[in-house]
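Biologist: I am new to this structure. Could you show it to me and then take my questions?

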Amino acid sequence: MGKEAITIQNLYNLGETIAAEIFEGKTYPWEVLPLIKDFIVRLGKTLSPEEYNQVGEDIWVAKSAKIAPTAAISGPCIIGKDAEIRQCAFIRGSAIVGEGAVVGNSTELKNVILFNKVQVPHYNYVGDSILGYKAHMGAGSITSNVKSDKKLVVVHGEDYDIETGMKKFGAMLGDCVEVGCNSVLNPGTVVGRESNIYPLSCVRGVVPEKSIFKNRQEIVKKITDEIV
């Protein structure tokens, strides 16, 4: 599995995000992380007032979205159609929440793009990350976005390393990725499309698409009829 497996083209269906334009001309998804804040401000100003309300400075919320009264939302932020922001969710800014996505109780977001139908429904932290279409993070699973030694993040593949030049980099989850409860995705984690992460996992580096991550020594190819 080479570097092409973790390119934007092979991780994401760009037809499932309002933010498709931000990825233009980029190779790897983390390249857009420094651009999210300004992109939201530009995009927000173009949204139809018939479909979106501007509810605060640089905060646009689709009229069909459901926002709990106890949710805290800072801009810049766009919350898409039919999205659900539940009790005590904390959106710290620079966040795009896709159509039909769920941001659950006590979940915190910061500098993220959630594609359509993403679910981060229970006690999740997602920072400096991009979650693809229908990606789901189980209860208590988080993205760790800064290394303990504060060094710049390197993406470690099977036979390659990619220096990102970034201090803050959480996880890139491809479309339809399932992350088990109470897992930690360490800085620089990239998970290919349709892969599953076992509960209580500590994940580093690249997980190939259509795989099951059981532990660092055991990553197996998915079998269609295998029960996960």
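The questions below go from the whole protein to single residues.

Modeller: This is a predicted model, in which local features need pLDDT of at least 70, side-chain atom pairs count only at pLDDT 80 or more, and totals for chains, interfaces and linings use all residues. Residues are numbered from 1 along each chain as its sequence is written, and side-chain values use heavy atoms, with hydrogens and water left out.

Biologist: How many helices and strands are there in the protein?

Modeller: Helices (H or I, at least four residues) and strands (E, at least two) are DSSP runs, numbered from the N terminus. Counted in this way, the protein has 2 helices and 25 strands.

Biologist: What share of the residues of the protein count as buried?

Modeller: Buried means under 20% relative accessible area, exposed over 50%, and partly exposed in between (1.4 Å probe, protein chains only). Of the 228 residues, the buried share is 50%.

Biologist: Which strands do the buried residues of helix 2 pack against?

Modeller: In helix 2, the buried residues are I36, F39, I40, V41, L43 and G44. Contact means heavy atoms within 4.5 Å. The packing partners of these buried residues are strand 2 (59-62), strand 5 (77-79), strand 8 (95-97) and strand 10 (108-114).

Biologist: Which feature does UniProt place at residues 73-190?

Modeller: UniProt positions are given in the numbering used here, feature names are shortened, and annotations may be inferred rather than shown by experiment. Over residues 73-190 the chain is 0% helix and 47% strand, with its end C-alpha atoms 27 Å apart. The UniProt record, an unreviewed entry, gives the feature as "domain: Mannose-1-phosphate guanyltransferase C-terminal".

Biologist: How are the rings of Y12 and F23 arranged: stacked, edge-to-face or tilted?

Modeller: Rings of Phe, Tyr and Trp (its six-membered ring) pair if their centres lie within 6.5 Å; planes under 30 degrees apart count as stacked, over 60 as edge-to-face and the rest as tilted. By this rule there are 5 aromatic pairs. Y12 and F23 form one of them, at 6.3 Å centre to centre and with 35 degrees between the planes, and this pair is tilted.

Biologist: Why does the pair tie together parts that are apart in sequence, and by how many residues?

Modeller: Both Y12 and F23 are buried. Y12 and F23 lie in the loop between helix 1 (8-11) and helix 2 (36-44), so the pair ties together parts whose separation in sequence is 11 residues.

Biologist: Which residues form one aromatic cluster?

Modeller: Y28 and W30 form a stacked pair, at 4.8 Å centre to centre and 0 degrees between the planes, and both are buried. The residues that form one aromatic cluster are Y12, F23 and F115.

Biologist: How many disulfides does the structure hold?

Modeller: A disulfide is a pair of cysteine sulfur atoms within 2.5 Å. The sulfur of C88 is 17 Å from the closest cysteine sulfur, in C77, which is too far for a bond. For C176 the closest cysteine sulfur is in C181, at 18 Å, again too far for a bond. The number of disulfides is 0.

Biologist: Is N116 buried or exposed?

Modeller: N116 sits in the loop between strand 10 and strand 11 (119-122). Leaving out residues up to four places away in sequence, N116 touches E16, T17, G98, E99, Y133 and K134. Its relative accessibility is 9%, so N116 counts as buried.

Biologist: What is the relative accessible area of K117?

Modeller: K117 is also in the loop between strand 10 and strand 11. Beyond its neighbours within four places in sequence, K117 is in contact with E99, G100, A101, Y133, K134 and A135. K117 is partly exposed, and its relative accessible area is 42%.
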